Amino acid sequence: MHMKTVLILLVLALATIFALVCVLLTRGRAPSTCQHQPPEQEDPDDGQSLVFADLTPEELAQVVRYLQGSLGVQLVDASRAKPSDNCIASVDVQVPAKAEVLRFLDGGGARPRREALAVLYFGNQPDPNVTEYVVGPLPTPVYHRDVTVQKYGGKVPYHRRPALAVEYKQLAGFLKSQVFPTAPSFMRQVMEYDGANLATLTAAPRGFQSGDRITWFVLFQNVSGFFVHPVGLEVLVDHSSLDISRWAVSRVFYNGQYYRDMVQLESAYVQGRISVEKAWSFAFGMSVTTGLRLFDIRHKGERVAYEISVQEALSVYGSNCPGGMSTRYMDGSFGIGRYTSPLVRGVDCPYLATYLDVHYLAHSQVSRVSKNALCIFEQNLGSPLRRHYSNLQSLYYGGLVNSVLVVRSIATVGNYDYVWDFIFYQNGAIEGKVQATGYASSSFLHGDGLRYGNRVWEHTLGTVHTHSINYKVDLDVGGRSGSNACYYTGKLQRTGGIASCSVESLLMTSELCFFTLLTSSFIAKLFFYV
């Protein structure tokens, strides 16, 4: 055998033996020098920046343990503390004095001691107060010193303490369990309060003279972005007592009027001496066959309609192909409500709209749910409901934003998506509106196909068709109308770019109804002026 080959084999054998020895020696023990060890990270500024570093979780825990064992009083966890308890409100790093830090950074001086600043609430004392301690040195504290007088020139009275998160929870519980139940009719009928549909926002400061601890709580609808949905109710709570059971309501404000408490507000409401801004009320639902429907529609408390509902969406097609020429769709037979589709937040309806599910049973023995199938929202239509600018004799301007309430559903029946709206105006008008989108129906283009529509692609005919939208309107303006109702059918016929429309109505009541159909974008509108 060649000598070079022998040497190579010998080297490989020695390397294998060395590796086996390393494995045997390190089995069951900590890694030895046989294993690769990553180099330790180095601090590029030799630890100088650590002077300003926030406290680590370990340091925070050490400070808490030290205070619990060194102050000689029981400390309750701040997340469940009552105002009458002692607790640690916060712990933060105590940044050393600037001169001391600069001597260390620039002059080669000693590293400043690492310390923490702890804020404690002492409610369980003859003289309740807020005290601040400097605790150190870290990471293993052995001392604390009171710096409250040094920082503030005297003791900090207990009523000046910032509210803990738990105090806000206690105040919310006080409002829910003690305050709101004293006005049951007002809260149920006006606020529609169910225990969870109202959100509160605190005001500050908590009073206007030394010793006060009273706070205004402003109520809002508990929806996304609740900050812009006030309900007009505000409650002033005196929570100065360390005994939660002695907290009390000092004043109530609703819709421009002050009341002594919720009891007085309830009395004024029950006696009809309170102005409640609630223009529209109605019941709504979804028929599995006909879709969106409204009942018992009231304006300012007076019923103006018993029922307004979608009844049918009919489309009649023409073509020189047998499928197209024979098509007469009555979408109610498929189920307008059954094919109501989920609404996409921010696209189908405004992002902050209220979304509701719809349950139905069809084509099965088990009920199903359409998630987010209805949305309700307020909308600024972008033009004034009324306005006048006077420049004759006297100068003034008066106007009213045209803000409306919209109830919407969208049904996807085959190729068409119908956007159904019922719109409620401030002036008492109700608008029924439908918009059609989705895809056009088509036939294969051949022969004299252009007599039945327009070419939309090389061999694709957009077929001529007519939509008929039918509503039921049972008005009760000025009194009950019995079983009589108005039935309205709006027709739109399209032949390419040419559109014609007609309106058929069967009027069985004496009230005025007005129907319009905008052909340019296929928006059918039905107005009911009440």
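Begin with the disulfides: a search of the whole of this predicted model finds one. To see it, select cysteine 349 and cysteine 375, which the disulfide joins with an S to S distance of 2.1 Å. The link of cysteine 349 and cysteine 375 is left-handed, with -70° about the S-S bond. The pair links distant parts of the chain, its two members being 26 residues apart.

Next, colour the elements that hold these two residues. Cysteine 349 lies in the loop between helix H9 (331-334) and strand S15 (354-360), whereas cysteine 375 belongs to strand S16 (residues 368-392). Are cysteine 349 and cysteine 375 buried or exposed? Both cysteine 349 and cysteine 375 are buried.

Two further cysteines deserve a stop. Select cysteine 87, which counts as buried because its relative accessible area is 2%, under the limit of 20%. Then move to cysteine 321, whose relative accessibility is 16%; cysteine 321 is therefore also counted as buried.

Finally, keep the surface displayed and turn to a nonpolar patch. Which residues make this nonpolar surface patch? Select Leu201, Phe227, Val228, Tyr351 and Leu352, which together form a patch of about 530 Å². Within this group, centre the view on leucine 201, which is placed in strand S6 (residues 198-202). Leucine 201 is partly exposed because its relative accessible area, 34%, falls between the limits of 20% for buried and 50% for exposed.

Note on methods:
Residues are numbered from 1 along each chain as its sequence is written. This is a predicted model: local features need pLDDT of at least 70, side-chain atom pairs count only at pLDDT 80 or more; totals for chains, interfaces and linings use all residues. Side-chain values use heavy atoms; hydrogens and water are left out. Patches are made of residues with over 30% relative accessible area and no salt bridge: like charges are joined within 9 Å, nonpolar side chains (Val, Leu, Ile, Met, Phe, Trp, Tyr) within 5 Å. Accessible areas come from the Shrake-Rupley method with a 1.4 Å probe; for residues, only the protein chains shown count as cover. A salt bridge is a side-chain nitrogen of Lys or Arg within 4 Å of a carboxyl oxygen of Asp or Glu. Helices (H or I, at least four residues) and strands (E, at least two) are DSSP runs, numbered from the N terminus. Buried means under 20% relative accessible area, exposed over 50%, partly exposed in between (1.4 Å probe, protein chains only). A disulfide is a pair of cysteine sulfur atoms within 2.5 Å.
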